[in-house]
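Here is a short tour to read alongside the viewer.

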Amino acid sequence: MFNYLIRRLFQMAIVLFLSTMASYALLNLAPGGPLTFLTSVQRRMNQEDIARVRAYFELDLFLPVRFSRWLTGFPRGPITVGGQTYFADFVVGCRQPREVEIRYSDGRRELKTVGCREGQDVTLADLVDRPRSSKGIIFGDLGNSWQITRDRPVSAVVVSRLPRTLQLMMISLVLSIIIGIPIGVISAVRQYSAFDYTVTSMAFFGSSMPTFFFALLMILIFSITFKRMGWVYLPPGNAESVKDYVIPFIGAVDAGSLKDNILHLIMPVSVLTLFNVAGWSRYVRTSMLEVLRQDYVRTARAKGLIERVVIAKHALRNALIPFITLVVFSIPAAFGGAIITETVFNWPGMGRLYFDALGRTDYPVAMALLLITAVLTVVATLVCDVLYTVVDPRIRLS
Amino acid sequence: MRNHKNAMVALAFLTIASVLLAACGTQVVTQIVEVTKEVEVVQTQLVEATTVVEVEAASFTKPHPLLGDIRVRQGIAYCTNRPQLIASVYPFVDAEGQQKQLMDTNIPRASWAAYDGPEIQKYPFDATKGQALFDEAGWTLAEGATYRTNADGDEMNLKFTTTTAAFRQTWAAVFEKQMAACGLRIIRLHAPASWWFGSTTGLRHRDFELGAYAWVGETDPKGQTLYACNQINVPENGWAGQNYMGWCNQVASDAINAANNTLVREERIAHYKTFQIEFAKDMVSLPVFQRAEGNAASSNLVNFKPSATEYYTWNSYEWELADGGDTLVLALSQEPASMYSLIESAAVQRTVGWMIFDSSMSQYDWDFQPAAVAELSSVENGMIQINEVEVKEGDPVVDYSGTPTDSEGNLLTLTSGLKVKTSSGEDVEFSGGTVKMNQLVATYEFQPTLTWSDGEPVKKADFELAYKNDCDPASGAVDYSTCQSIQSVDFTSDNEYTVTYKPGYMNSLSFIPPIATYPSHQVLSDGRKLADVPTTEWSGLKEIAETPLGFGPYILTNWEKGVKLELTANPFYWRGENKVKNITILIVQDTQQAVAQLLSGDVDVIGSETLGAGAEVQTVIDAQAAGDPIQVLIEPSATWEHIDMNLFVP
C-alpha cells in the first residue's frame, strides 16, 4: 500500500505538471490578453509604450520562462556564486519582437515573429528589478491578478469566493445524494411501476433542461411573477440582500440574516440539485437493477432475509460502489463552482470568478482556478481508488 | 543596397534552378521560396507552389483593388440603409429616435464640433446611386447574375470582419443583404473580440477589408490618433497608431492636427469642419449609427440625470429618495479592478470613482462644466497664456503634431530635420539656428474648500506627490504623453498650480488639470506615509486600490470582492451634506439578473453599462408600461458603430 501511494503521488505530480503546462500554454497562446484594452480608446501609443506595457505583464518574456517564473519563481536574475555573476546576458525574452510578412504565390500572407529587434533582448540581468515576479505557485504564491483585483494577490480573491461556493455546492451535493439515491433504489425495486415511469420522465426532463434556462424560468416565476401577484416570492439573486424586505406570509426579513441567506439559496440549490438528482437517480437505478439480478441477492432472499435487509444490506451496498466515483469527483466540482448557475443567480462563487477571469483575460486568476481543480481532481482520483478497497474487499492495491 | 538586390536575384535564380532540378528527379511540386521583406532575405521556407513570388518592398502600399477606388466606397455607403440596420438591433427605438442615432461624419450630431452644412457629402440610402457608382468603377452586373464582376471576370466581393457579439451578427446580416441587393457579395467573418482587438492580430495588424467596430465618442472629439497620416499602423512602426484604414488625406490630417492644437473653440470648429468635409467625401469609414443606451432606475430616485458623455454618478451628491430613505442600491455589471485611477480606466471604475474622488470637471451633455476646479482655465480668463519663445537646437520641444517623443519613445529635442510648429502656425523642418514657437502656460485653480474624507484639507504637497508619482515611468500608467509634454510645474498654493508645457505643445484640452491629487499625509497600515512609498508598490496598496481617500461625496467603507462596495456619505464633502446617506454597489454580471433585481426592488439603479441596449431594455419598458415603479431613459450613446475600409493591402 505504501509503495502504491508513493508511486501514485509521483504520478500525480507528473500529471499536475503536464496539465498546468498545457493550461498555461493554451491560455497564453490564445488571441487577446491584457493588452487588448490598448485599442479600445483613442490613444497615442508608440513602440516604447507598447513595450513598457508588455513588460509590465511580463509578456516580453519567452513562454517557457514565464511559465517557469509562474511555477517556481525562477529565474529571477543571473546566477551569482561567490560574488561572481553568471549568465547575466542570457536572453530570456524580447521587448520588441521583429515581425516579417511571408507571402505565398497563392496569395496567402502570414505574419511571423522572427526574433527580436536589435538591442531589444531581455536578459537575465533585466529580471533583477522586476516588481511583479512571484515566489512561484509551488511555494504557495498564486501571483498577482492582472485585471480582477489588479496587482493584488490572486489568493485573496480566491479565498474570498470559496466559502460561498462551498455553501452552495455542498448543500446541493448532500441534497442530491439524499434525494437521488432513494429515488434510484425505489425505481429499480419497483421497475416499470407508475413511480418508476414518473421519476424516469422527470429525470429526462431534468437532464435535458439547460440549467440557465431552468434558472431564468425560476426567476421569472418565483421572483418576478409571484411578487407582482402578491404571493410568497424568492429573491432573484445574490447570496444576501442589501436592504431589509418583507415577503407575504413570511414577514420581515433582515438583510444578511440566516433567513435571508436561506431564501437566496433556494433557487440556485434547486437548479443544481434537480440536475444532479436527474442523473444520479438513473445511475443508481441502473446499478441496482444489475445487482438485484445477481446470485448473491437471490441467495439472500432464499435464506429468508426480509426484503428491506436484502435491498439495503446486500444489494444497495454493492450497487453504490461505482457511485463512489461520481460522488468523489463531485468534490473538485464543488470547489470549482457551477459557472452557469452562479452567473445566472449572481452567486459570488468560484464559478462566476472563473467566468469573469476568462472574460477579462485575467490569466493568473484563471490559472489558479485551473490549478486548484487539477489538484483536487488528481487527489479525488486517489481517494476514489483507496475508497474502493474499503468498500469492496475484493480490490487490493499493490 | 544594390548588392543586396543582386544577391536576392541570384538567390531567386538559384531557387528556380533547384526547383527545376528537383522537378526532374521527383513528381513532388515543391520549391524553396525566399521570403523577403524590404530587400533583405529573412526566411527560407518550403512552400507548395510553382512560381517564385516577387514580394513588394514596403508594407501596405498597394491600393486595395476595390476599396482603393472611392467610387466603390461611396457606392457601399449609398447602398447601406442605416435606419434599417438600427431597427434590426433596436426594435424599441422609433423613427424619430433612429434619426437621432444617425451620423454623417465621425462626430455625433449632438457634439459642439459637428458640422452639418451643405459641403458635407451625405449618403442617404439610395441603392440606384450606389449601383451606378459600382458600374462606373467597372463592376457591372451581368444579366441574371447576383453579384457584379469586372472586365476580368473577378467577382465583386469583400470580407467583412467584426466581432461575434450577437448585436453585430444581427446588423451585419442585414448589411450583407443590403450589399447583395447592390451586387456586392459580403463574406462575413465574425471573429472573437480577443482576436479582433488583440495586440498582435485583427485591427492592430490591419487584417481586414471591411471592419466593423465601435468608437466611444467624447465631449472633445479628438481624432488625431485615428485619422492623422502619422497614425497609420504598419509593420515599420511596430503597428503603433489607430488609423486602421491607412487613410492619409493631407488636408484632413492637417485639419485634425490643427483642431487639436488650438485652444480657441471657433478655430477648432473651423478645423473640424474642414476635417469632416474631407472625411465624408473620401468615405474611408462609414459611420453606421450611435448605439442606443438605456438607463433604468426606481421612480423613487430623484435627480437621476444620465448623460451620453458623462458617468451617471456624476451628480450623486444631488440624488434624493422620494420616500425619504437613506440607502440606495446600484447594480454594476463589472467590478472595478482597482480604485487606483492611474492604472484602471474601465468605465465602472470611473462610475464609482465619481462618488469617491469627484472630478475636476464634469462633461454633462457634450460639454465641460467645472466641478472640483474653481473655474475652467482659458485664454479669455487669463489662466492660460500662450507665449512666444525662441527655441534653439537641443531644447526640449514637442513636434508639429504635438507628440513629445519619437517612435522609439525618446523625448524630443530640437534637432535638425525635426518638423515643428512655429508661433505663426507654420510647420517647418528645423535646419539650425533658432525657431520661434508657442509655449503654453496654464494655471489650474481648485475649490479652496476641498477636504479629504478623513478631514484633512487638500494641500500643495498632495499635488506635488501626484506629479511625482503619476509621471514616474514605473507607475504602471499606459500613457505618459502629457507628462512628457510638461517642461515644469510650479505649485503656487494649496489649491493652485501652474504648468509650463514644452514649446510646441498646444493641446486643446489644456484646460483639464493634468495633475491629480493624493493624500500625502495618509499613514498606511504598515506605518509608512504614502508619500514615502515607492511608486511601484502603489497599485498593490490596499489604501490606494481598495479604501482610497477622496474628496468626493462618498467614502468607500467596505469592498467585498465580487459582491458589493459599500459607500457612506462623506461628512467633509465640499459641496455640503448628501441626502442619500448610504450607497451600496452590487456586482451583478448578468443583465437579466440585474433587471430581475430592479423589478423585484432589490436594486434601485441600473446604468447603461449594465442595462445595455438589448432585449432587457424592452423588458424594463414593458414593466414600466405595466405599472412597475421605474423610470427608463433611452438616448443615443456616445459609442458609435462604423465600418472601416482598409485602403491598402500589403
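Which domains does the domain assignment of chain A give? The assignment gives domain 1 (43-145) and domain 2 (155-391). Please keep in mind that this is a predicted model. The points below start with those domains, move to a helix pair in chain A, and then turn to the strands of chain B.

**Domains of chain A**
- The C-alpha centres of domain 1 and domain 2 of chain A are 44 Å apart.
- Contact between them involves 5 residues of domain 1 of chain A and 7 residues of domain 2 of chain A.

**A helix pair in chain A**
- Helix α6 (residues 211-228) of chain A packs against helix α7 (residues 258-292) of chain A at about 140 degrees, and their axes are 10 Å apart.
- Angles over 145 degrees would count as roughly antiparallel, so with its angle of about 140 degrees α6(A) is oblique to α7(A).
- The crossing of α6(A) past α7(A) is right-handed.
- On the α6(A) side, the contact is made by T211(A), F214(A), A215(A), M218(A), I219(A), F222(A) and S223(A).
- Facing them from α7(A) are M267(A), S270(A), V271(A), L274(A) and F275(A).
- Sorted by class, this contact has 9 nonpolar residues, 3 polar ones and no charged ones.

**The open sheet of chain B**
- In chain B, 10 strands make up an open sheet with mixed pairing, in the order β5-β4-β6-β23-β7-β22-β10-β21-β20-β19.
- The edges are β5 (185-191) and β19 (554-560) of chain B; each has a single partner strand, so one side of each has no neighbour in the sheet.
- Within this order, β4 (residues 157-163) and β6 (residues 210-216) of chain B pair in the parallel sense over 2 bridges.
- Helix α6 (residues 166-181) of chain B lies across β4, β5, β6, β7 (285-298) and β23 (630-645) of chain B.
- That helix, α6(B), runs at about 170 degrees to β5(B).

**Antiparallel pairs around β16 of chain B**
- What sense of pairing links β13 (residues 384-392) and β16 (residues 434-445) of chain B? These two strands are antiparallel, and 9 bridges connect them.
- N387(B) has Q439(B) in β16(B) as its bridge partner.
- β16(B) also runs antiparallel to β18 (residues 496-501) of chain B, joined by 5 bridges.

How values were computed:
Residues are numbered from 1 along each chain as its sequence is written. Chains are lettered from A and ligands numbered from 1 in the order in which they are written. This is a predicted model: local features need pLDDT of at least 70, side-chain atom pairs count only at pLDDT 80 or more; totals for chains, interfaces and linings use all residues. Side-chain values use heavy atoms; hydrogens and water are left out. Two strands pair if DSSP finds at least two bridges between them. Helices (H or I, at least four residues) and strands (E, at least two) are DSSP runs, numbered from the N terminus. Contact means heavy atoms within 4.5 Å. Axes are lines fitted to C-alpha atoms, for helices over the stretch in contact, and angles run from 0 to 180 degrees between N-to-C directions. Angles under 35 degrees count as roughly parallel, over 145 as roughly antiparallel, 65 to 115 as roughly perpendicular and the rest as oblique. A crossing is left-handed if the near helix is turned anticlockwise from the far one by less than a right angle, and right-handed if clockwise. Ala, Val, Leu, Ile, Met, Phe, Trp, Tyr, Cys and Pro count as nonpolar, Asp, Glu, Lys and Arg as charged, and the others, Gly among them, as polar. Domain bounds come from an automatic or database domain assignment.
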